[in-house]
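Let's take a friendly look at a protein model together. Have the sequence and the 3D view ready.

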Amino acid sequence: MISHPPETRPAALVREVGLRDGLQSIAAVVPTAHKLAWITAAHAAGQREIEVGSFVPARLLPQLADTAEVLAHALTLPGLVASVLVPNLRGAERAIECGAHLMVVPLSASHAHSLANLRKTPDEVVAEVARIRAARDAAGSRTLIEGGVGTAFGCTLQGDVAESEVLRLMQALLDAGADRVSLADTVGYADPHGVERLFGKARALVGDRLACAHFHDTRGMGLANACAAWQTGVRRFDASLAGIGGCPHAPGASGNVATEDLAFMLERMGADTGLHLPALLALRERVQGWLAGETLHGTLWRAGLPRGGLVPQAPVPVPSLA
């Protein structure tokens with residue numbers, strides 16, 4: 001086996017979204033103390049970005065009613081970027097008030113999904129981002145705004161979503177004041193060829209302002225899709241410990257790509273995630289105990305790390321970002 005000096009390994013960042021995207025899909029309310037322990041252990045395992053919750057009314061998502069308290073804890077951990085999801089201006093004002101490093105504003109490229117999920121058209125969400133940017137600047141805040149374009153590969157309500165519409169909305173979000181954008185396969189419709197094509201077009205349009213890829217494993221292609229995005233130059237990915245999460249318009253679907261599986265794949269490919277896989281697997285076991293009765297996903301926890309650990313087999317070709 002061939003090892004690589006650390007300085008030759010391309011860096012990859014995995015943002016943990018289980019505390020938001022995962023827990024919001026689970027009926028049980030996880031105690032705040034467990035969430036704080038989760039964040040502390042994830043940080044100790046090398047996680048440097050965590051989406052800790054969402055500023056939405058507690059009556060809608062009681063699972064995330066303690067987001068302000070969870071965020072306050074995350075902000076005490078050195079080197080950790082703490083992000084939150086905000087669906088509107090009111091949520092953004094709370095994120096700014098509480099000092100979040102980053103707020104993600106979700107936009108569905110599918111008009112049908114946007115109306116069902118946010119009760120707004122995609123262009124109305126773009127207008128909301130403009131108001132959020134104005135509020136952020138007026139407050140003198142340094143909280144970054146990320147426009148998250150969901151259902152980028154289609155959805156269960158509308159079916160196909162035109163690539164041209166996805167690209168138009170990405171540019172519109174940036175024009176409205178978002179600092180960066182991300183693409184999400186909300187219901188697991190993507191395939192590696194489609195990912196390579198759309199992410200390639202998106203990077204050609206907005207460059208490094210395309211900051212993150214978010215894949216669901218609903219049809220078993222999450223890791224393959226992440227690999228395809230990597231080949232286009234994406235270096236930042238969302239994932240959820242034990243693959244928890246899902247979409248309300250895909251009942252019974254498995255959720256996000258599992259953090260531990262994605263990190264293992266990237267490390268075996270030669271990337272440096274900064275994550276300690278045994279510690280992540282130990283944390284997964286703890287979280288499994290907190291989510292008794294819930295269906296968890298992923299495969300690394302069953303098989304364990306291979307003999308030889310994470311040593312990549314050969315040098316990894318790094319795509320040109322020019």
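This is a predicted model: local features need pLDDT of at least 70, side-chain atom pairs count only at pLDDT 80 or more; totals for chains, interfaces and linings use all residues.

At roughly what angle do the axes of helix H6 and helix H7 cross?

Residues are numbered from 1 along each chain as its sequence is written, and side-chain values use heavy atoms, without hydrogens and water.

The axes of H6 (residues 122-138) and H7 (residues 163-176) cross at roughly 20° and come within 8 Å. Here, axes are lines fitted to C-alpha atoms over the stretch in contact, with angles from 0 to 180 degrees between N-to-C directions; helices (H or I, at least four residues) are DSSP runs, numbered from the N terminus. H6 and H7 are therefore roughly parallel (angles under 35 degrees).

On the H6 side, the contact (heavy atoms within 4.5 Å) includes Val-126 and Arg-133, and on the H7 side Leu-169 and Ala-172. Its residues are eight nonpolar, no polar and three charged (Ala, Val, Leu, Ile, Met, Phe, Trp, Tyr, Cys and Pro are nonpolar, Asp, Glu, Lys and Arg charged, and the others, Gly among them, polar).

## Helices H10 and H11

Now look at H10 (residues 259-268) and H11 (residues 277-290), whose axes come within 10 Å and cross at roughly 170°. That makes H10 roughly antiparallel to H11 (angles over 145 degrees).

Among the residues that meet are Phe-264 of H10 and Leu-281 of H11. This contact has five nonpolar, one polar and three charged residues.

Definitions and conventions
Helices (H or I, at least four residues) and strands (E, at least two) are DSSP runs, numbered from the N terminus. Angles under 35 degrees count as roughly parallel, over 145 as roughly antiparallel, 65 to 115 as roughly perpendicular and the rest as oblique.
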